[in-house]
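Biologist: I would like to learn how to read a protein model. Could we go through one together?

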Amino acid sequence: MEPVTRNRRWEISAPELRTRYLRQPLPFCPGCGHGIFANAFLRAADAISLDLNRTVFVSGIGCGAWVPSPHFLADTLHVTHGRAIAFATGVKLTRPDLEVVVISGDGDLTTIGGNHLIHAARRNLPLKVFCLNNWLFGMTGGQVSATTPRGTLTATTPVGNPDRGFDLVRLMRGAGAPYVARWPVAKAAQMQRGIQNALREPSFAFVEILSTCPTQYGQVNRESLDDDAVSLAAALIAWQEENCIPRQRAGKDNSTAKIVIGEWREGDEP
Ligand code: SF4
């Protein structure tokens, strides 16, 4: 294998990253946060020397599910809608020697597949689960999901979602997950370090990635009809920058209107 050249900021150059870890280019819309996550994930995998020959990626249906499959140069399972955790459980039980990583979206993992998710956390099966939360079903047309915040416009809630969305950190901690984290794509460097930490965990690890969807979420919830795709993407990133706060600054009771980000381990304050 050729030596990997590295620079200080990103460790491995973008062309090398693509050559070493991608089978083909990623298919996301311009400005989609999923591409930022994919980049950070591969850099994290490279930084900890994750052996992709001994890693299986499992994803369901939706935009988030296209991150690993068929793009990563690794074994991937692209399975039925909402069943990524069920298939991943089967792989882990039959081949406990392999690292099993689930990457999928909020519609797939928490809405259609929510029951599988909470039981995987309860069982503490050593899966690594990355949930790309863009607050709706993106690929299928922008329908409401279990994480859509109250009042949000979607294709199926044209006057605003009347229901509360799941707080996935609280849901997973309540279900017994020993390691839970939440990172926004706007904080790419922090997100990359968080991904590295999650991949090193020996137990079940759940990471919520707050992603951005300028096409479905941004188009419907934008404030101005003049916004183009680039402006929408930039506005969503700026919103995350303004509205996310590290848990160390949020106070013990998390009494803040902002979205609390960071890592939670067993025994931490809720
Ligand atoms: Fe990304 Fe949204 Fe496009 Fe899906 S529909 S690729 S989530 S921008």
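This is a predicted model: local features need pLDDT of at least 70, side-chain atom pairs count only at pLDDT 80 or more; totals for chains, interfaces and linings use all residues.

Biologist: Thanks! Which residues are around the ligand?

Modeller: A residue is near a molecule if one of its heavy atoms lies within 4 Å of it. Here the residues around the ligand are F28, C29, C32, H34, C63, N134, C213, P214, T215 and Q216.

Biologist: Which helix gives the most to this shell?

Modeller: Helices (H or I, at least four residues) and strands (E, at least two) are DSSP runs, numbered from the N terminus. Helix α8, residues 214-221, gives the most, with three residues.

Biologist: How many residues of the shell are nonpolar, polar or charged?

Modeller: Ala, Val, Leu, Ile, Met, Phe, Trp, Tyr, Cys and Pro count as nonpolar, Asp, Glu, Lys and Arg as charged, and the others, Gly among them, as polar. The shell has six nonpolar residues, four polar ones and no charged ones.

Biologist: How many disulfides are there?

Modeller: A disulfide is a covalent bond between the sulfur atoms of two cysteines. The rule asks for a pair of cysteine sulfur atoms within 2.5 Å, and by this rule the count is zero.

Biologist: Is C32 buried or exposed?

Modeller: Buried means under 20% relative accessible area, exposed over 50%, and partly exposed in between (1.4 Å probe, protein chains only). C32 is buried, because its relative accessible area is 14%. C213 is also buried, at 9%.

Biologist: What does T212 touch?

Modeller: Contact means heavy atoms within 4.5 Å. Leaving out residues up to four places away in sequence, T212 touches G31, C32, G33, V185, L236, I237 and Q240. T212 lies in the loop between β6 (205-210) and α8, and it is buried, with a relative accessible area of 3%.

Biologist: Now the charges. How many salt bridges does the structure hold?

Modeller: Side chains of opposite charge can pair when their charged atoms come close. A salt bridge is a side-chain nitrogen of Lys or Arg within 4 Å of a carboxyl oxygen of Asp or Glu. This structure holds nine salt bridges. In one of them, the side chains of R182 and D167 meet at 2.7 Å, N to O. R182 lies in strand β5 (residues 179-184) and D167 in the loop between β4 (128-133) and α6 (168-174), so this pair ties together parts that are 15 residues apart in sequence.

Biologist: How does R182 meet E208, and what does that pair link?

Modeller: The side chains of R182 and E208 form a salt bridge of 2.8 Å, N to O. Their pair links distant parts of the chain, with R182 in strand β5 and E208 in strand β6, 26 residues apart. Both R182 and E208 are buried, whereas D167 is partly exposed at 31% relative accessibility.

Biologist: Let us turn to strands. Where do the side chains of β4 point?

Modeller: In a regular strand the side chains alternate between the two faces of the sheet. From β4, K128, F130 and L132 point one way and V129, C131 and N133 the other way, and all are buried.

Biologist: Which strands pair with β4?

Modeller: Two strands pair if DSSP finds at least two bridges between them. Strand β3 (residues 99-105) pairs with β4 in the parallel sense over five bridges, and G105 has L132 as its bridge partner in β4. β4 and β6 also pair in the parallel sense, over six bridges, and the bridge partner of F130 in β6 is V207.

Biologist: What about the backbone: which peptide bond is cis?

Modeller: The bond from S69 to P70 is cis, with omega near 0°. P70 is in the loop between β1 and β2.

Biologist: And what is the phi of S49 and of W135?

Modeller: S49 has a positive phi of about 55° although it is not a glycine, and S49 is exposed, with a relative accessible area of 60%. W135, also not a glycine, has a positive phi of about 75°, but W135 is buried, at 17%.

Conventions
Residues are numbered from 1 along each chain as its sequence is written. Side-chain values use heavy atoms; hydrogens and water are left out.
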